[in-house]
Amino acid sequence: MSSRIIRVELGERSYPVVVGHGATKTLRTLLPAAARRAVIVTQEGLPTIGDLDLPHTSLFIDRGEANKNLSTIEHLCRGFADFGLTRNDVVIGVGGGLVTDVAGFAAASWHRGTSVVHVATSLLGMVDAAIGGKTAVNIPEGKNLVGAFWQPRAVVCDIDHLSTLPESEMRCGLGEVAKYHFISGTDLLAMTMEERIAECVRIKAEIVSEDEREGGRRALLNYGHTLAHALEIAGEHDMAHGEAVAVGVVFAGRLAGALGLIDGNRVETHERVVGDTYGLRTRPLRSHDPAELVRIMRRDKKAINGLTFILDGAGGLAVHNDVPEDVVVETLRTFLSE
Ligand SMILES: NC(=O)c1ccc[n+]([C@@H]2O[C@H](COP(=O)([O-])OP(=O)(O)OC[C@H]3O[C@@H](n4cnc5c(N)ncnc54)[C@H](O)[C@@H]3O)[C@@H](O)[C@H]2O)c1
């Protein structure tokens, strides 16, 4: 087994992220020493973690974003109660971002905070969702509106688990990888899968260490997300999250160009990196009304000051509040019509 260990530095709450082929073999050493029992939260048909020499049980979540809700949290917590899980024990989330978000929030809530260790099985989970301690569920009024910051004790990213991941889910993860490309300026595609995942983890770990609660720099991880969220809602989730992020990244480049923040070459680089290098769609699947998308963007929970975008510029990415609506609508109109 080859593996790399990246640490998320958060003082007493620092933790390792183990990336590599067969990294799940390290799981036992990553569980809290005081834990006497474990509950594995996962989905049917996902890779498993093998033998665990600790009394344990598994609780299953149905697939699909619709199950990322408060009923699932109640189902899990009642399962914890049935099994007799105490605050010294451990929850192990084995799955993609949906599982780790839900398992993380259930662990944060159980006895006001029980340890959680994540085994991320999707590319998106490995490079993003399992790291950084954001946990949440959805309510009908919006995505991820109910949640907590609850850092895991450790994260495992076992590259072998990706062998069963469907192609569409790989593309979804690559959308987030493309985002890191612009945050860091590193050509991630030139790397092996293990190096690439480790590099994305390193970038995310560094940002989370600096700004755990998204008071500043962590917001840069939302590059491409302003339009992506609106496309997901308006398109009734016809595109997977990461695919929508890829389109959002290309549009953010175009908007930065329209606002004079970057030149035409840099705008073109966004199209090229997402479309050619990562082989992802650069436009949505269906046609959209720009005014409707802007209305949805205004309702975004992060849009505290009018229309907020993360935009590229001479000094790298930065948060821009109050981006003029007429420029957004006009740029969107041209962008969507091409
Ligand atoms: N907490 C965060 O910081 C953060 C960041 C980004 C996204 N998210 C959340 O993550 C979720 C999306 O995560 P996702 O894209 O991993 O979706 P997901 O967890 O729904 O997984 C996608 C599908 O792939 C399957 N799958 C996962 N691993 C597999 C494997 N190894 N083999 C076969 N099938 C596998 C899952 O069962 C599911 O059907 C969203 O709810 C999003 O809000 C959270």
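Me: Happy to start with one residue. Why is Asp211 called partly exposed?

Reply: This is a predicted model, and Asp211 in it has 15 other C-beta atoms within 10 Å. Buried would need 20 or more and exposed 12 or fewer, so with 15 Asp211 counts as partly exposed.

Me: Thanks! Where does Asp211 lie, and which residues is Asp211 in contact with, leaving aside its neighbours within four places in sequence?

Reply: Asp211 sits in the loop between α6 (193-210) and α7 (225-234). With those neighbours left aside, its contacts are Gly216, Arg217 and Arg218. As for Gly132, 79 residues separate it from Asp211 in sequence, and the C-alpha to C-alpha distance is 9.9 Å.

Me: How do you know that the span of helix α8 agrees with its number of residues?

Reply: Helix α8 covers residues 241-258, which makes 18 residues. At 1.5 Å a residue, counting one less than the number of residues, the helix should span 26 Å. Its end C-alpha atoms are 25 Å apart, so the two values agree.

Me: What makes α8 mostly covered, and which residue with a positive phi follows α8?

Reply: Of the 18 residues of α8, 17 are buried, and buried here takes 20 or more other C-beta atoms within 10 Å. Gly260 follows α8, with a positive phi near 75°.

Me: Lastly, which residues come nearest to the ligand?

Reply: Gly96, Gly97, Leu98, Ser122 and Ala129 do, out of 27 residues around the ligand. Two or more residues of this shell come from each of α3 (97-109), α4 (123-129) and α5 (167-184). By type, the shell holds eight nonpolar, twelve polar and seven charged residues.

Methods: Residues numbered from 1 in each chain as written. Predicted model: local features only at pLDDT ≥ 70, side-chain atom pairs only at ≥ 80, totals over all residues. Near = placed C-beta within 6 Å. Helix = DSSP H or I, 4+ residues; strand = E, 2+ residues; numbered from the N terminus. Nonpolar A, V, L, I, M, F, W, Y, C, P; charged D, E, K, R; others polar. Contact = placed C-beta atoms within 7 Å.
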